[in-house]
Amino acid sequence: MMQDLWTNYELLRTDYLEQIAAGLECHLKDLLSDCERIDRITSRAKDTNRFVKKAQKTTSDGRPKYSDPLRQIQDQVGARVITFYLDDVQAISNRIRSYFRHVENQFIQPEKEKEFGYVGEHFILFLPLDVVPEAPEGVILPQFFEL
């Protein structure tokens, strides 16, 4: 079964997800083009091996975490906006919130002040329809992306 999942996801990734990620990156760059002090905006389609590894996760009682990984795993497409300054995170997050519908939003920071890590906002957002290509019936394309 995992070999079928690997094959199905790899085809989805190469045929659709990479295209969606590229379109999303352009979309984000356009949306945020007037925001100063952005270091970079990147996107990616989740690697097939990492997708399958995530799909194999189990709950504490040993049951599969995902009954339908192609529909349930929300980070098949991911994007990142990196700013130079912490003060810019909020302004960019506000822009993202005003443009995209979000499913999940979480503020992330290191647990201790002197601990190394990053500060930012983590979103699960609906993909804009204009970056999702037409697909034949039966092809499951993600509805969400991680930012």
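**Exercise 1.** Determine in which element arginine 50 is found, and whether arginine 50 is buried or exposed.

*Solution.* Step 1: arginine 50 is found in helix 2; helices (H or I, at least four residues) and strands (E, at least two) are DSSP runs, numbered from the N terminus. The model is predicted: local features need pLDDT of at least 70, side-chain atom pairs count only at pLDDT 80 or more, and totals for chains, interfaces and linings use all residues. Residues are numbered from 1 along each chain as its sequence is written, and side-chain values use heavy atoms, with hydrogens and water left out.

Step 2: arginine 50 has a relative accessibility of 58% and therefore counts as exposed. Buried means under 20% relative accessible area, exposed over 50%, and partly exposed in between (1.4 Å probe, protein chains only).

**Exercise 2.** State which residues of helix 2 are buried, and where they lie on the helix.

*Solution.* Step 1: the buried residues of helix 2 are Thr48, Phe51, Val52 and Ala55. Step 2: viewed down the helix axis, these residues fall within an arc of 95°, so they line one face of helix 2. The arc is that of the directions from the helix axis to the C-beta atoms. Step 3: Asn49, Arg50 and Lys53 are exposed on the other side of helix 2.

**Exercise 3.** Describe the setting of histidine 122.

*Solution.* Step 1: histidine 122 lies in strand 4. Step 2: with a relative accessible area of 15%, histidine 122 is buried. Step 3: leaving aside neighbours within four places in sequence, histidine 122 is in contact (heavy atoms within 4.5 Å) with Glu104, Asn105, Gln106, Ile108, Glu146 and Leu147.

**Exercise 4.** Identify which residues touch the most other members of the largest nonpolar core, and which element gives the largest share of this core.

*Solution.* Step 1: a nonpolar core is a set of buried Ala, Val, Leu, Ile, Met, Phe, Trp, Tyr and Cys residues joined through side-chain atoms within 4.5 Å. Step 2: the largest such core has 33 residues, of which Leu28, Leu32, Ile96, Phe145 and Leu147 touch the most other members. Step 3: helix 1 supplies the largest share of this core, 10 residues. Step 4: not counting residues up to four places away in sequence, leucine 147 touches, among others, Leu28, Ile96 and His122. As a general remark, nonpolar side chains tend to be buried together in soluble globular proteins.
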